[in-house]
Amino acid sequence: MAGAISGGPGDSGLLIGLPGGGGRYGRERGSGALRSTLVAFVSTVVFLGVVALLVVNAPGWPAVQESFLNGRVFADSLPLIVRAFWVNVQLFLVSEVLILGFGLVIAVLRSLPGSVLFPIRLIATVYVDVFRALPGILIIYVLGFGIPGLGVTGVSKFVFAILALTLIYSAYVSEVYRAGINSIHPSQDAAARSLGLSRLQSMRHVVLPQAVRRVIPPLLNDFIGLQKDTVLVSYIGVVEIFRQAQIRQSASFNFTPYIVVALVFLLFTIPLARLTDVLVTRDQRRRATTAR
Amino acid sequence: MSLDQRSVRTTAADSPDTVRPAVEIAALRKSFDKLEVLRGIDLVVAPHEVVCLIGSSGSGKSTLLRCINLIEPIDSGRILIDGVDITAPKVDVNKIRRRIGIVFQAFNLFPHMSVLDNVTLAPRKVLRTPSGRAAEEATELLARFGLEDKRDEFPDRLSGGQQQRVAIVRALAMRPDLMLLDEITSALDPELVAEVLNVVRELAGAGMTMIIATHEMGFARDIADRVGFLDAGRILEQGPPDRIFTEPTEVRTRQFLDRVIAAGRM
């Protein structure tokens with residue numbers, strides 16, 4: 001299947017965009033950079049050409065082409081699948097906001113010192129441990145089938161899906177935040193406290209603004225994961241992109257709808273991955289210039 | 001309590017015996033795990049007095065200052081500020097700290113805030129000063145120390161000396177009764193030391209009560225009303241700078257000063 005994707009039309013441009021990035025390390029400028037870009041371009045074209053040739057000449061190719069790259073099925077399922085993707089986008093956007101908030105609360109609770117707050121820290125720690133240990137699909141099942149089983153009615157599957165994604169991802173995101181909080185030198189907190197700021201004021205105005213800025217790249221990384229994991233909620237009956245593709249697949253007896261899903265995710269996720277890279281590079285450059 | 005002539009002069013209105021000490025420390029002890037850093041510190045500081053603490057690294061100078069500001073919890077002993085026991089269990093730590101400014105060796109400015117925001121953060125959040133007025137007061141203070149044109153810069157655009165002056169202004173913005181300076185010139189390039197020390201001189205001239213941990217012996221001799229020599233967690237010897245620097249009674253003090261002179265730091 002991977003061979004079929006890279007041999008397909010249209011996506012080779014995405015792959016070729018990468019080697020040209022060699023210049024961002026600043027070592028290759030001017031004619032050297034042009035030459036190395038050309039070499040990278042030619043070698044990529046040759047490599048992909050060879051792979052495509054091998055795949056196309058394989059004995060099973062006509063059958064694979066018919067069941068995975070059927071143009072008519074592609075055209076028929078595309079609008080439905082793109083429309084269903086809107087559900088994933090909603091899931092993703094709503095959960096993301098909730099995760100950013102809830103994850104931060106958990107991280108702050110775990111970072112608060114003092115023996116009085118031990119029970120709160122304990123609860124937060126247990127939550128993070130449990131929800132990181134369990135496979136996401138289990139949590140989605142338990143929430144999506146378990147809560148309605150308790151007799152709770154009138155709540156849509158969409159709400160359970162959001163709840164499950166938020167609980168799963170907040171556990172990871174809180175750890176990212178916490179790493180950021182721990183990376184801020186204690187002298188910053190000491191300086192704030194020495195001015196009379198309370199523990200929470202110091203956290204809010206001094207530690208968190210610096211910590212959050214530092215963890216934006218790893219946060220974005222987690223959200224790339226979240227985008228993809230929105231398809232997991234198809235298992236509790238939310239008709240989103242993957243569920244819609246399954247429906248189209250059983251209607252047409254053809255796997256092309258899954259290729260459509262793959263393309264949609266590639267188009268959506270890769271720009272975000274590139275953005276993360278840009279942010280990481282910028283952050284490194286900034287640190288390099290401010291280091292003494 | 002022995003006061004030298006200068007502090008008697010600055011508190012001339014009252015007889016020194018009836019003035020309530022600004023700081024009174026008794027039998028202060030502090031350990032980090034098994035390492036006992038402070039082994040019974042007794043120190044009394046009069047209002048408007050400038051006390052310089054000298055001694056080798058690890059003698060406990062910084063720890064003592066951090067204990068006075070309650071950054072480090074103490075193991076035993078008492079610290080009274082203006083007659084109030086700040087080590088009592090029910091005391092409001094945040095309220096105490098407002099009145100005690102501390103400046104650190106490493107500046108510890110907030111890198112994500114402009115100079116102005118660094119200075120106004122605590123007045124705005126702790127004293128609830130409206131931001132307009134906090135900004136006015138901060139600008140005035142910055143101008144007093146020649147920093148008015150740095151108001152909107154971020155800390156990483158300033159020299160070490162400028163950063164440390166901003167840190168002093170940030171502490172002063174809370175109108176503290178007492179300033180603790182913890183080796184504030186140790187992280188500076190030599191040519192930047194003077195600008196920071198001049199700020200401290202101005203504060204001393206304005207009557208600020210200060211406890212200063214320092215390696216700058218010339219400065220200590222010049223500015224201090226009293227010098228205390230710390231050795232292995234105790235104040236081994238204290239007195240007017242002229243006496244401590246010229247005829248110390250303790251062998252350890254003499255040895256320390258000899259080493260400082262040999263290193264060309266005096």
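Helices (H or I, at least four residues) and strands (E, at least two) are DSSP runs here, numbered from the N terminus. This is a predicted model, with local features needing pLDDT of at least 70 and side-chain atom pairs pLDDT 80 or more, while totals for chains, interfaces and linings use all residues. Residues count from 1 along each chain as written, chains are lettered from A in written order, and side-chain values use heavy atoms, leaving out hydrogens and water.

**Stop one: the cavity.** Select helix H9 (186-194) of chain A, then strand E6 (100-103) and helix H6 (160-172) of chain B: each supplies at least two residues to the lining of the largest cavity. A cavity is a set of points on a 1 Å grid over the protein atoms alone where a 1.4 Å probe fits but cannot get out, and lining residues have an atom within 4 Å of a point. The volume, the space filled by probe spheres set on the points, is about 40 Å³.

H6(B) gives the largest share, 3 residues.

**Stop two: the core.** Colour Ile168(B), Met179(B) and Met210(B), which touch the most other members of the 50-residue largest nonpolar core. Such a core joins buried (under 20% relative accessible area, 1.4 Å probe, protein chains only) Ala, Val, Leu, Ile, Met, Phe, Trp, Tyr and Cys residues through side-chain atoms within 4.5 Å. Helix H7 (residues 190-205) of chain B gives this core the most, 8 residues.

**Last stop.** A second, separate core of 42 residues includes Leu197(A), Leu70(B), Ile71(B) and Met174(B).

Methods: 1 Å grid on protein atoms, 1.4 Å probe; cavity = no way out; pocket = protein on both sides within 12 Å on 5 of 7 lines; lining within 4 Å.
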